[in-house]
Structures are given as structure tokens and as C-alpha cells.
Amino acid sequence: STAISVRNLRKVYPGQPPVVALADASLEIQDNEFFTLLGPSGCGKTTLLRLIAGFEHPTSGALDMFGEDLLDLPPYKRPVNTVFQSYALFPHLTVAQNIGFGLEMLGRPKAEIKATVEEMMELVKMTEMADRQTGQISGGQQQRVALARALAPKPKVLLLDEPLSALDFKLRKEMQLELKRLQTETGITFIFVTHDQEEALTMSDRIAVMSAGSIRQIGRPRDIYDHPAERFVADFIGDTNFLPAELVSTEEQTGTVRLASGQMTTARIHEGSDVSGQVTLAIRPEHASLVREADGVLAGTLGNVVYFGTDTHYHVGLDDGTAFVIRTQNSPDTAAQFESGARVGVTFGADVAQVLRD
Ligand code: ADP
Ligand code: MG
């Protein structure tokens with residue numbers, strides 16, 4: 001069922017000039033979903049979370065949760081809770097006291113609080129630290145306590161605003177898996193905010209990619225990575241080569257394009273996208289291959305060859321002046337076939353190139 005329905009939600013902050021933080025955003029989040037809002041800083045992610053939590057009121061639009069109009073409800077009556085980037089724990093209180101704090105405020109019975117705190121400590125694996133003051137535990141442990149505290153009142157929806165960005169790389173990777181596990185185990189709908197595309201791809205059931213207050217594309221990680229609907233999405237998520245091309249004909253979701261070299265090739269067209277004439281082809285570096293000049297659909301000169309351990313990046317300067325990167329996976333028996341400075345060809349399959357608006 002639908003957990004949250006956002007319809008034409010708009011938020012304008014007053015000022016000279018006014019700031020359109022959210023421009024008529026619409027989306028539906030399903031019950032039990034790990035849903036991520038992904039976009040660069042300032043695109044309106046926090047604003048959308050604050051509107052759902054009730055800390056802000058929209059300029060216009062509608063917001064329902066489980067079929068109930070949320071806009072009539074004050075924040076404390078909404079079945080949501082928020083985990084902030086700054087965990088906002090009480091450093092002099094213990095782990096258990098911090099986790100139980102919200103329940104105390106809600107006036108829940110003592111026995112219920114005790115049982116829930118124990119359950120939550122178990123869930124985030126902090127039982128052994130129950131009596132430690134949170135000022136004296138590590139950043140990763142504080143993050144677990146903040147999560148347990150937010151989950152303790154059993155909200156139907158948990159909002160997480162860049163909760164991992166204060167952690168170092170290794171811990172962040174660990175907490176990504178941990179968060180995913182918590183979501184699966186509790187069955188609570190998570191709305192997770194991040195500006196980190198890799199984090200979004202690894203954790204989410206679905207992602208909404210945002211830019212400048214609007215939602216550009218919604219889909220499963222694979223759909224978004226393999227079928228970006230527009231240049232912004234292709235550029236923001238992963239690395240992409242962009243080639244100028246001319247769309248000559250289309251048949252359903254397949255287009256025939258003429259490349260700068262004059263060569264023809266076929267490419268995919270995103271469902272519902274309106275493209276014609278001059279277009280841009282988007283090709284992932286791992287979806288193209290380096291071949292002999294005569295065998296390529298494009299030709300150029302090999303520039304830098306950069307070894308990364310797991311893979312190698314080949315930088316090709318195409319004859320029309322476009323830069324193109326090819327990424328190949330290394331294995332112990334792959335030897336470099338081409339040397340920097342060599343004439344080379346670039347080729348790619350018909351199903352990997354995506355036609356985007358110029
Ligand atoms: P994000 O979380 O994606 O970084 P925000 O939702 O915080 O983005 O902000 C979106 C836009 O709204 C930004 O341009 C930001 O400066 C502006 N903004 C956010 N909060 C306020 C506010 N209280 N008053 C005025 N402008 C704001
Ligand atoms: Mg933010």
C-alpha cells in the first residue's frame with residue numbers, strides 16, 4: 001500500500017528574492033520501502049523531509065500518509081520520526097536513557113519503556129553498552145543509539161537526513177549495511193536523504209533524483225543507473241561519456257543515430273522522452289570497449305592509461321575532439337593491449353547507449 005503520497009508539493013521561503021526550495025514535487029512512497037532522496041546540496045531534500053515531518057508548512061500542494069491528510073496534523077501527531085545528521089543525543093545520559101527519552105516524554109508506562117529500550121538496544125547491538133554515557137562512546141555507536149531512539153516510539157515512517165555523513169569511510173560502509181538490515185527487520189518505511197550516489201545505489205529500493213527543487217527521475221537503482229532519463233541524472237549518478245549525435249529515425253524505444261564520425265549506430269530511447277534532431281548519447285565507461293581503429297564506431301588517439309588495481313581507465317581523445325573514457329576490469333592475465341599514443345577504435349553495444357535530449 002502507499003505509505004506517503006506527495007502531490008504538487010511546493011515550498012517557497014520568503015526573501016528578496018524568494019527561494020523556491022521545492023517546486024511542485026510529486027511522488028508516492030510504498031509501505032515497507034527503503035526510499036532515497038538523492039541530489040546535490042541545496043536541491044530541496046531537507047525541505048521535503050521537514051514538510052513530511054511537519055516542521056514546515058507547504059506553500060501549496062497535498063501530503064497524505066496511509067490515506068490520511070498529514071497537513072492537518074501537528075508534528076507530534078504524525079506517525080513519523082527523524083534521525084538528524086547531528087545525532088542530538090544527551091551526552092550525560094546513558095545509552096538506555098537516551099533511547100528511552102522520547103518514550104518518557106510521551107508518558108508511556110515504565111514497564112513498556114523498559115521492554116522497548118531493551119528491544120531497541122538488541123536491535124542496534126548496543127545491549128552491552130546500556131549504562132555507558134553517550135558522551136563516552138564512539139561516533140558509530142552514537143549513530144546506533146540515535147537510530148534506536150528514533151525507532152523506539154515505533155513510527156510508521158522514519159526520516160533520515162544524511163545520517164551517515166559524519167562517519168568516516170569504513171564506518172559509513174558498515175552502517176549502510178546496518179541501516180538496510182534495520183529497515184528490513186522492522187518493516188518500517190525509510191525515507192533516506194543523501195547527496196552520495198553510491199550510498200543511494202547500494203541501499204535503496206527506489207531513488208528519487210532531485211535537482212533545484214524538482215524531482216528529475218524516480219526508479220530502482222538499476223533503472224536509474226542503466227536508463228538515466230536526462231543528462232543531469234546520467235552525470236550525477238556514476239561516470240558517463242556524452243557524445244553529440246543526430247537522431248535519424250526511431251522505432252518504439254530504439255533510435256538510429258549518426259555519430260560525429262558519420263557512422264550509424266542504434267541506441268535506446270527512454271520511455272516517454274521526447275527527442276529528435278540533435279541529441280546526446282550517454283554511454284557508461286564500463287559499457288564501451290577499446291578495439292583496433294578499423295573495428296570501432298569511433299576513432300581516436302589513446303591518451304592516459306590509468307591503473308586502479310581492480311580496473312583500468314583508458315582516456316581516448318576522439319577525432320571530433322570529444323573526450324571518452326573506457327573502463328575495463330583487470331584480471332591477472334590481462335595485459336595492456338594498447339599503449340598511450342596509439343590510434344584506437346571505440347565500440348559499444350546497441351543496448352547500452354542511451355539517447356538523451358541535447
Ligand atoms: P538540501 O537539503 O538538498 O541541501 P534544502 O532543502 O536544505 O536543500 O534547501 C533548499 C533550498 O532552500 C536552498 O536554496 C536553501 O538555501 C533554501 N532554504 C532552506 N531552508 C531555508 C530557510 N529556512 N529560509 C530560506 N531559505 C531556505
Ligand atoms: Mg539537507
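**Figure 1. Lys77 in a loop of the predicted model.** Helices and strands are DSSP runs, the helices (H or I) of at least four residues and the strands (E) of at least two, numbered from the N terminus. In these terms Lys77 lies in the loop between β5 and β6, and the model that this view and the following ones show is a predicted one. Lys77 has 9 other C-beta atoms within 10 Å and is therefore exposed, since a residue counts as exposed if 12 or fewer lie within that distance. Leu167, which is 90 residues away from Lys77 in sequence, is 31 Å from Lys77 in space, C-alpha to C-alpha.

**Figure 2. The chain as a whole, as a setting for the close-up views.** The chain has 358 residues, of which 36% count as buried, and its secondary structure comes to eight helices and 20 strands. Along its principal axes the C-alpha trace spans about 80 × 50 × 40 Å. When contacts between residues at least 6 apart in sequence are considered, 67% of them join residues at least 24 apart. UniProt, in an unreviewed entry, places the feature "domain: ABC transporter" at residues 4–237.

**Figure 3. An open antiparallel sheet of four strands.** The strands of this sheet follow the order β2-β1-β4-β5, with antiparallel pairing. Its edges are formed by β2 (19–30) and β5 (68–69), each of which pairs on one side only. Strand β1 (residues 2–13) is paired with strand β4 (residues 60–65) in the antiparallel sense over five bridges. Along this pairing, Val6 has Leu63 in β4 as its bridge partner, while Arg10 stands opposite Ser60 in β4.

**Figure 4. The hairpin of β4 and β5.** Two bridges hold the antiparallel pairing of β4 with β5, and Asp64 stands opposite Asp69 in β5. The two strands form a hairpin with two residues between them, and in that turn Phe66 has a positive phi of about 50 degrees.

**Figure 5. The residues around ligand 1.** The shell around ligand 1 consists of Tyr13, Gly15, Val19, Ala21, Gly39, Ser41, Gly42, Cys43, Gly44, Lys45, Thr46 and Thr47. By residue type, the shell divides into four nonpolar, seven polar and one charged. Both β2 and α1 (45–53) supply at least two residues each, and α1 gives the most, with three residues.

**Figure 6. Helix α1 and the residue that follows it.** This helix is mostly covered, with seven of its nine residues buried. The buried residues of α1 are Lys45, Thr46, Thr47, Leu48, Leu49, Leu51 and Ile52; Lys45, Thr46 and Thr47 are also among the residues around ligand 1. Just after α1, Gly54 takes a positive phi of about 95 degrees.

**Figure 7. Helix α4 and the elements that cover it.** Helix α4 (residues 139–151) has 13 residues, and the distance from its first C-alpha to its last is 18 Å, close to the 18 Å expected at 1.5 Å a residue. Because 10 of the 13 residues of α4 are buried, the helix is largely enclosed by the rest of the structure. The buried residues are Gln142, Gln143, Arg144, Val145, Ala146, Leu147, Ala148, Arg149, Ala150 and Leu151, so that the buried part of α4 includes both Arg144 and Arg149. Among the elements that cover these residues are the strands β6 (80–83) and β7 (157–161), together with the helices α2 (95–105), α3 (110–123) and α5 (169–186).

**Figure 8. Thr310 in the loop between β16 and β17.** Thr310 is found where the chain passes from β16 (298–307) to β17 (311–318), in the loop between these strands. It counts as exposed because 9 C-beta neighbours lie inside 10 Å. If residues up to four places away in sequence are left out, Thr310 touches Gln329 and Asn330. Ser331 is 21 residues from Thr310 in sequence, and the C-alpha atoms of these two residues are 7.8 Å apart in space.

Notes. Residues are numbered from 1 along each chain as its sequence is written. Chains are lettered from A and ligands numbered from 1 in the order in which they are written. This is a predicted model: local features need pLDDT of at least 70, side-chain atom pairs count only at pLDDT 80 or more; totals for chains, interfaces and linings use all residues. Two strands pair if DSSP finds at least two bridges between them. A residue is buried if 20 or more other C-beta atoms lie within 10 Å of its own, exposed if 12 or fewer, and partly exposed in between; C-beta atoms are placed from the backbone. Two residues are in contact if their C-beta atoms, placed from the backbone, lie within 7 Å. A residue is near a molecule or strand if its C-beta atom, placed from the backbone, lies within 6 Å of it. Ala, Val, Leu, Ile, Met, Phe, Trp, Tyr, Cys and Pro count as nonpolar, Asp, Glu, Lys and Arg as charged, and the others, Gly among them, as polar. UniProt positions are given in the numbering used here, feature names are shortened, and annotations may be inferred rather than shown by experiment. The expected span of a helix is 1.5 Å times one less than its number of residues.
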